[in-house]
Amino acid sequence: MRADGLLAMLDRWGRLILPGAVLLFFVVLTLAPLRVPYLSDALPLLPALVVFQFSLATPERLPGPLLLVMGVLLDLLLGGPGAPVGVSALGFVLIRAQVVANRRYLVGVPFLFQWIGFCLLAAGFVLLVWVFTAIFTWTALDPMPATVQYLVVIVVYPLLAPLLARVRPRDPLNVPELSRGTARPGETTS
Amino acid sequence: MAIRDDFEIVASQVRVAVQRFALGLLVIAAFGAMLIGKADTVLVEQARVLALDLASPALEAIARPVAAANRAIADLKEFASLREENARLREENARLLAWQTAARRLENENERLRELSQFREGPEASFITARIVGDSVSAYVRGALLNVGRKAGVASGQAVVTGEGLAGRIAEVGDNSARVLFVTDVNSRLPVLVERTRERAILAGDNSPQLRLNLLQGVAGVQRGDRIVTSGHGGSFPVGIPVGEVVQTGEGHIRVRPFADFSRLEFVRVVDYGVTGLVGGGSATPATPAGATTGQRSR
C-alpha cells in the first residue's frame with residue numbers, strides 16, 4: 001500500500017511524532033522567560049491551542065494517554081505549591097474529545113468557525129483550570145489575570161493556527177473525512 | 001451482504017462504546033493525578049523537581065535567543081525615553097554618591113560601637129549567583145526557574161535577592177535547577193519590619209504586582225513611603241533585606257510596592273545565610289579531621 005523505502009519510513013515516523021513534538025515544545029516554551037508584554041501571559045495557554053489545532057486534522061496522532069502525560073508535565077513545570085497536578089491533562093483530554101465529537105462543525109469550514117470553536121473551548125479550559133486551582137488552594141483567586149490570558153490567546157490564535165496548519169500540509173490524511181480511509185465515520189479514538 | 005452490514009454496524013457500535021469508555025478512563029486518570037497530588041505532596045514535589053531538572057537543559061538552550069529577544073524589546077522601549085532616563089540616572093547617581101559617603105561614615109561608626117559593646121554578629125551570608133532560565137509566571141503562579149541547584153549549595157527556603165531588594169524564596173530544589181517563589185505569589189508570606197517604626201508585620205502576596213501588609217500590632221503610624229525590610233523571624237532569611245515601600249494606606253489594608261522589578265529579571269543572587277549550614281557545619285567540622293587522622297593511622 002505504501003512505499004517502504006527509508007525516506008518513506010522516515011516521513012511516516014516524522015509525521016507520526018510531529019504533533020506530540022510540537023506539543024512538547026510548547027509545553028517547555030511555557031517556562032521560557034519571554035518578556036513580550038501580553039504575549040508572555042498567554043504562553044501557558046498555547047499548549048491548549050496546539051491540542052485544539054492538531055485535534056482538528058490528526059487527532060489519532062495525539063492519543064489520549066499522550067495528552068494526559070503532557071498535561072501532567074505542564075502542571076508539574078508550571079504549578080506553584082498547592083496547585084492541582086493533572087487539571088491541564090483533564091482540559092486537554094476534554095478539548096480533544098469535544099473537537100473530535102464536533103468535527104462536523106470544525107473541519108472543512110471557514111476559518112472563522114474554527115476560531116469561534118476555539119474561543120468556546122479555550123473559555124471552558126480557562127474556567128476549568130481557574131475553578132480547580134481555586135478549590136485546591138482554597139483562595140478566592142483574582143479572575144483578572146486568567147481573563148487577560150484568555151483574551152490574549154484568542155487574539156493569538158489566528159496568528160498561530162495557520163502556522164500550525166502548515167506543519168502538516170502534505171499529510172495524505174489531511175483531507176476531508178470521506179476520502180481519508182483510516183478514520184471511519186463516527187470514529188472517536190481517545 | 002446483510003449479515004456483513006449488521007456485523008459492521010455492531011462492530012462500530014462496540015468500538016464507539018470502547019472509545020467512550022476510554023474518554024472516561026482518561027478523565028478518571030486526570031482526577032486520580034489531582035487526588036494523588038493532593039494526598040502525597042512529597043511525591044508531587046519530587047516529580048516537580050525531576051521535571052524541572054529535565055526541562056532545565058532545554059531552557060538553557062533557548063535562554064540565549066530568548067534573552068536576545070527580551071533585550072531587543074527592552075531596547076526599543078528604552079530608546080524612546082533615553083534622554084529622560086539619562087537625566088534621571090545622573091540625578092540618582094549624585095544622590096547615591098551622597099549616600100555612599102553617609103554609609104561609609106556609618107559603617108565606621110558602627111564598627112567602633114560594636115567593638116565597644118562586644119556585639120557578636122550573626123552568621124556571615126554568602127551569595128550564589130544564578131541566571132533565570134525560566135518563568136513560571138501564569139495566571140496562578142508568580143515564580144521563576146534558576147539554573148543552580150543542590151550541587152551549587154542552594155537549599156529550600158533561602159532568600160533570593162536582586163540588586164534592588166528581595167525577590168522571593170527558593171521553593172523547590174533539583175540537582176541543577178531551583179524554583180523561586182516570588183514575594184508577589186499568592187502563597188508567599190513574609191515576616192517583615194517597618195523600617196522606621198520597627199513594627200512587625202506579615203507581607204502577603206496575592207498574584208498582583210503589589211503586596212499586602214498585615215500588621216501584627218494595629219495600624220499605628222505607617223505612612224506612605226515607609227520602607228519594608230525582612231525581619232529575619234522564623235527562617236533562614238537575613239535581617240534587613242529591603243523588600244518594598246508602602247504606596248497606599250487605607251482602612252485596614254496597606255499596599256506595598258516591591259523594589260525588585262520582576263518584569264526584567266535576568267540574574268539573581270541566592271542568599272546562603274548559613275542557618276542550616278551552621279548546624280550541619282558545627283558537627284561536620286570536628287568530624288572531618290578526626291576521620292582523616294584515623295584513616296592515616298590505620299594505614
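Of the 299 residues in chain B, 35% are buried, where buried means under 20% relative accessible area, exposed over 50% and partly exposed in between, with a 1.4 Å probe and protein chains only. Before I continue, a word on conventions: this is a predicted model, in which local features need pLDDT of at least 70 and side-chain atom pairs count only at pLDDT 80 or more, while totals for chains, interfaces and linings use all residues. Residues are numbered from 1 along each chain as its sequence is written, chains are lettered from A and ligands numbered from 1 in the order in which they are written, and side-chain values use heavy atoms, with hydrogens and water left out.

Let me stay with chain B. Chain B holds four helices and twelve strands; helices (H or I, at least four residues) and strands (E, at least two) are DSSP runs, numbered from the N terminus. For contacts, defined as heavy atoms within 4.5 Å, between residues at least 6 apart in sequence, 54% in chain B join residues at least 24 apart.

Helix 2 of chain B, residues 41-80, deserves attention. Its 40 residues place the end C-alpha atoms only 48 Å apart, short of the 58 Å that a straight helix would reach at 1.5 Å a residue; the expected span is 1.5 Å times one less than the number of residues. Where does helix 2 of chain B bend? The bend, of about 45°, is at Ala63(B), and Pro65(B) follows within four residues. By bend I mean the angle between axes fitted to the seven residues ending at a position and the seven starting there. Ala63(B) is also one of the buried residues of this helix, which include Arg48(B), Val49(B) and Leu52(B).

Is Glu172(B) buried or exposed? Glu172(B) has a relative accessible area of 5%, and is therefore buried. Leaving aside residues up to four places away in sequence, Glu172(B) touches Glu45(B), Arg48(B), Val49(B), Leu52(B), Ala178(B) and Arg179(B).

I turn now to chain A. Chain A has eight helices and zero strands. Buried residues make up 50% of its 190 residues. Among contacts between residues at least 6 apart in sequence, 74% join residues at least 24 apart in chain A.

Helix 8 of chain A, residues 143-166, has 24 residues and reaches 34 Å from its first C-alpha to its last, close to the 34 Å expected at 1.5 Å a residue. Tyr157(A) is among the buried residues of helix 8, as are Ala146(A), Gln149(A) and Leu164(A). The cover over these buried residues includes helices 1, 2, 3 and 7 of chain A. Ala165(A), also in helix 8, has a relative accessible area of 25% and is therefore partly exposed. The C-alpha atoms of Ala165(A) and Gln53(A) are separated by 7.4 Å, although the two residues lie 112 residues apart along the chain.

Finally, how do helices 1 and 3 of chain A cross? Their axes come within 8 Å and cross at roughly 165°; axes are lines fitted to C-alpha atoms, for helices over the stretch in contact, with angles from 0 to 180 degrees between N-to-C directions. The two helices are therefore roughly antiparallel, a term for angles over 145 degrees. Pro19(A), Val22(A), Leu23(A), Phe26(A) and Val27(A) in helix 1 meet Leu46(A), Pro47(A), Val50(A), Val51(A) and Phe54(A) in helix 3.

Definitions and conventions
Angles under 35 degrees count as roughly parallel, over 145 as roughly antiparallel, 65 to 115 as roughly perpendicular and the rest as oblique.
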